[in-house]
Amino acid sequence: MAAKIPTRLYLSEDEIPKCWYNLRADMKNKPEPVLHPGTLKPVTEADLSAVFCMGPIKQELDDTTRFIAIPEGIQDFYRAYRPAPLIRAYFLEKELGTPAEIYYKFEGTNTSGSHKLNSAGPQAYYAKEEGLTSLTTETGAGQWGTAMAMAAGFYGLDLTVFMVKVSSEQKPYRKALIETYGAKLIPSPSATTEAGKAILAKDPNTGGSLGVAISEAVERAVKTDKCRYVLGSVLNHVLLHQSIIGQETKAAMDKYGIKPDIIIGCAGGGSNLGGLIAPYMGEKIAGKSNARFIAVEPASCPSFTRGRFAYDFGDTAKTTPLVKMMTLGSGFIPSSNHAGGLRYHGMNSTLSRLYQDGYLEARSEVQTNVFEAAVKFMKVEGILPAPESAHAIKAAIDEAMICKKTNEKKVILFGLSGTGYFDLSAYMSYNNKTMTDHIPTDEELEKGFETIPKIV
């Protein structure tokens with residue numbers, strides 16, 4: 001009789017990956033190049049150097065190097081909280097009565113409460129190595145802002161965080177934690193930047209969006225000496241850093257001879273999903289795996305399932321380079337009743353390309369159903385999930401119930417990207433039955449599509 005697989009499949013500290021895996025190097029169809037908004041030609045290192053740190057720039061433009069070494073200074077940072085546990089969801093399996101095996105990679109064991117620290121650390125490290133003194137960034141639900149505040153504090157950098165206004169109002173304790181680490185938080189849109197003033201002039205009551213917050217953060221960075229902008233998702237160097245999630249997961253599963261049939265991740269800009277699936281997707285592209293990959297996004301911000309594949313700006317003020325991606329248009333602003341993150345208007349270019357080529361599935365979920373899944377998971381597994389992560393939980397439960405109906409024993413893996421302790425107001429809304437769902441109409445989406453630049 002085979003030995004029972006343990007509940008927690010840990011790796012040792014020595015087994016933390018020493019390199020990041022660059023999935024683009026193994027893709028048959030590469031993501032389209034990022035374009036300069038003025039010339040419409042592929043961007044160069046020089047084009048990006050006024051906004052980003054040089055280390056991430058080189059990684060962003062590199063689609064041929066399969067493995068990129070993690071500097072020792074970043075490995076030291078990772079050792080503070082990695083490796084993260086891979087957990088067999090025995091209690092959830094029992095609750096569902098499914099023959100499926102369910103596993104989740106839990107990225108919420110660090111103080112920021114999410115996977116975002118995996119890229120915040122490297123970006124702060126490279127900034128320090130370049131002799132910079134300060135950084136700017138944006139944050140939606142607050143996970144990235146918190147992670148970046150931790151990393152900036154660790155490497156001795158000043159940080160200004162522009163947080164989507166409606167989210168900052170919903171999560172005052174995120175602000176407290178970010179400021180405790182020494183960063184400055186500004187609700188966005190604000191009157192501190194020209195971009196923010198322009199948005200407020202059009203709509204003084206707007207709840208803001210990530211596109212707006214990015215505009216403010218980029219503007220502040222380019223106007224400040226020895227300062228650069230850092231981004232927590234969407235761009236390919238962020239997915240590169242997050243590949244440590246998938247590599248750890250695969251190493252732990254390989255120890256026990258486990259091969260996932262279905263891999264699921266929540267999707268906003270793509271960092272958690274891209275990091276989790278990277279090594280498995282590499283096998284899929286090489287013809288060594290038949291695994292399915294499922295991206296789960298909120299119905300209120302459906303860039304995969306209802307967006308368009310087009311070159312678009314990364315910010316509302318249209319100051320960033322142009323990225324070919326699944327997008328709702330940089331002018332799209334999600335409904336203010338949306339409780340979690342995953343509120344960016346576009347999707348990472350690598351994941352968008354994989355979606356176009358049929359390697360990646362996508363589905364959208366309304367938030368009341370997502371929170372129902374979160375509560376079911378919490379009651380049996382004992383972890384309060386972030387609303388973002390709960391999108392993946394919802395799909396994992398659905399797939400497990402299909403296995404129950406068909407009596408198939410499939411292996412389901414999903415990413416539990418963070419904890420929900422700063423999202424209790426949303427859980428209160430769900431418990432009090434005051435939470436509502438909003439699915440944008442075609443007319444509402446069309447307003448966002450109208451902001452997509454007309455590029456042949």
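1. Let's start with the residue classes: Ala, Val, Leu, Ile, Met, Phe, Trp, Tyr, Cys and Pro count as nonpolar, Asp, Glu, Lys and Arg as charged, and the others, Gly among them, as polar. Sorted that way, the lining of the largest pocket has nine nonpolar, twelve polar and five charged residues.

2. A word on what you're looking at. This is a predicted model, where local features need pLDDT of at least 70, side-chain atom pairs count only at pLDDT 80 or more, and totals for chains, interfaces and linings use all residues. Residues are numbered from 1 along each chain as its sequence is written, and side-chain values use heavy atoms, with hydrogens and water left out.

3. Back to that largest pocket. A pocket is an open set of points, on a 1 Å grid over the protein atoms alone, where a 1.4 Å probe fits, with protein on both sides within 12 Å along at least five of seven lines; lining residues have an atom within 4 Å of a point. The volume here is about 550 Å³, meaning the space filled by probe spheres set on the points, which are joined across faces, edges and corners. Of its 26 lining residues, Thr 206, Gly 331, Phe 332, Ile 333 and Lys 447 lie nearest the centre. Helix 9 (194-202) gives the largest share of this lining, four residues. Helices (H or I, at least four residues) and strands (E, at least two) are DSSP runs, numbered from the N terminus.

4. Now the second largest pocket, at about 450 Å³. Its lining counts 29 residues, with Val 51, Phe 52, Thr 319, Thr 320 and Pro 321 nearest the centre. Helix 10 gives the most to this lining, five residues. By class, you'll find 20 nonpolar, six polar and three charged residues here.

5. Next, have a look at the open sheet: seven strands in the order 1-4-5-15-10-11-14, with mixed pairing (two strands pair if DSSP finds at least two bridges between them). Strand 1 (8-9) and strand 14 (361-365) are at the edges with a single partner strand each, so one side of each has no neighbour in the sheet. Strand 10 (residues 262-266) and strand 15 (residues 411-416) run parallel, joined by three bridges.

6. Finally, how do helix 15 (residues 367-381) and helix 16 (residues 387-406) cross? Their axes (lines fitted to C-alpha atoms over the stretch in contact, with angles from 0 to 180 degrees between N-to-C directions) come within 8 Å and cross at roughly 80 degrees. That makes helix 15 roughly perpendicular to helix 16 (65 to 115 degrees; under 35 is roughly parallel, over 145 roughly antiparallel, the rest oblique).
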